[in-house]
Amino acid sequence: DRSLDRSRALLDRARQVIPGAAQTNSKGPTRWVQGVAPTHLERGQGSHVWDVDGNEYIDHVSSLGPIVLGHDYPAVTEAVEAQVGDGSLFSLPHPLQVEVAERIVDVVPCAEMVRFAKNGNDVTTAAAKLARAHTGRDVVATQGYHGWGDVWMAATAMDAGIPAAVGGLTEPFDYNDIERVEAIFDDHPDDVAAVVTTPVNLDPPEDEFLTRLRELCDEHDALLVYDEVLTGFRFALGGAGEFFGVQPDLACFAKAMANGYPLAALAGRADVMRTIDGEGFFFSSTYAGDAVSLAAANATLSVLREVPVVEHLHEQGEALRDGYTERAAAHGLGKVTTARGYAPRSAVSFESAGGASARHCKSLFLQECLDRGVLFAGTHLPNYSHTDADVARTLTVYDEALGVLAAAIEDGAVTDRLRGEPVGATLRERTGEAGGDR
Ligand code: PMP
């Protein structure tokens, strides 16, 4: 039996001093089955992580995407250790800044110039501001999650603290809803600065959606911006722009580029990027040039070029996604749960069954996974360290956990067999967006 004593004690302490306790990265604890899931992790090696009570898990979360090679990946750790010995932040750029920028220009089709920052939100927000400055227009049409900034959250149910005057300039649309995008252009003639979109979520583009976005932006002199924070260096070396073959004017990268070290990049067309140098435009970040993260990115991008990381993510991701769906069907749960999405990022979804809500069914499944050493919150983000043995073990665990769920549904006992709090609404459910959580 897993002990969670230290996890529980740490959460109690965290609740006293940290609002949204345990929310140290972009998601809070309610995506986990509280009381059953560990609350703090303290070590990672390859594809495995350890919680504060010493329990070991196969990690399918990959820190929500940044871990693309694996935890403590040797080439990255060595580069970081070497840089730490030389210092991390200087009063002038470190040479690694230009080297990493050149690497990105080399592999990302739309990237002619690159600016660094720290978080995904930094560069998505910078892209919106840059598009507004470059076009002299105000409206941003947007789909997908791009961070906590006003321009993004204004159009969601989580808009507390955002002035209506600011929020009124954000126009939301759903992925694949090209008619809505056309209507936004019609409603704001000559005032749409940019269409900002994740290139894909879980469901594939329909009816040449990305091509149509590209055409609409060209027709109306607006910029097309891809938020590649999740897809960059994961779907393909050149991101989803390369994967789908439709190029944006600007693209935002963060997660996979430095294998867990904090670094983000805004990249794109040189004439647009040069607006950053223009009169009155300001974009600045003290830590953007941190050489330790740049060393991590340099090593990560070098490994991504040299070994078939992206192919591995596709293979392992496909095995996990399809293996899940097959096992669910074999347990007679084909109508209750399936996995969908692209192999580098797929998600499972649940329906209510046996008198229990979808969230209760999902929670019982996740509980049984955790008990068997699989850290999974509903989204698979494979990394290069996931071995065939990890995948095989995970699928065995899925088989057992789905078996427990099927029996509980049969007995009308899903809620009874859940030892913790059911998972809360996902961020997407809370913001009213469709598709899997991220
Ligand atoms: N865009 C996408 C597609 C993301 O998944 C995220 C993070 N979940 C962000 C932007 C925001 O990145 P960050 O949390 O680093 O600000």
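Trainee: Which domains is the protein divided into?
Mentor: Domain bounds come from an automatic or database domain assignment. Here the protein splits into domain 1 (5–71 + 309–431) and domain 2 (89–289). Their C-alpha centres lie 29 Å apart. The contact between them, meaning heavy atoms within 4.5 Å, takes 24 residues from domain 1 and 24 residues from domain 2. Before you go on, this is a predicted model: local features need pLDDT of at least 70, side-chain atom pairs count only at pLDDT 80 or more, and totals for chains, interfaces and linings use all residues. Residues are numbered from 1 along each chain as its sequence is written, and side-chain values use heavy atoms, with hydrogens and water left out.

Trainee: OK, on to the ligand. Which residues come nearest?
Mentor: A residue is near a molecule if one of its heavy atoms lies within 4 Å of it. There are 13 residues around the ligand, and Gly-120, Asn-121, Tyr-145, Asp-227 and Lys-255 come nearest. By class, that shell has three nonpolar, six polar and four charged residues. For the classes, Ala, Val, Leu, Ile, Met, Phe, Trp, Tyr, Cys and Pro count as nonpolar, Asp, Glu, Lys and Arg as charged, and the others, Gly among them, as polar.

Trainee: What lies 2.8 Å from an oxygen atom of the ligand?
Mentor: Think polar contacts, pairs of N or O atoms within 3.5 Å. A backbone N or O atom of Asn-121 sits 2.8 Å from that ligand oxygen. In the side chain of Asp-227, an N or O atom is 2.5 Å from a ligand nitrogen. For the side chain of Lys-255, the distance from an N or O atom to a ligand nitrogen is 2.8 Å. The protein covers 90% of the 390 Å² of accessible area that the ligand has on its own, by the Shrake-Rupley method with a 1.4 Å probe.

Trainee: Now the sheets. What is the order of the four strands in the open sheet?
Mentor: Strands of a sheet pair through backbone hydrogen bonds, either parallel or antiparallel. Strands are DSSP runs (E, at least two residues), numbered from the N terminus, and two of them pair if DSSP finds at least two bridges between them. The order here is β1-β2-β3-β13, with mixed pairing. At the edges, β1 (41–45) and β13 (374–375) each pair on one side only. Four bridges join β1 to the antiparallel β2 (residues 48–51), and Leu-41 stands opposite Asp-51 in β2.

Trainee: And which strands stand at the edges of the three-stranded sheet?
Mentor: That open sheet runs β11-β12-β14, with antiparallel pairing. β11 (337–342) and β14 (379–380) stand at its edges with a single partner strand each, so one side of each has no neighbour in the sheet. Two bridges join β12 (residues 345–350) to β14, where His-380 is the bridge partner of Ser-346.

Note on methods:
A polar contact is a pair of N or O atoms within 3.5 Å; within protein, one must be able to donate a hydrogen and the other to accept it, and residues adjacent in sequence count only if both atoms are side-chain atoms.
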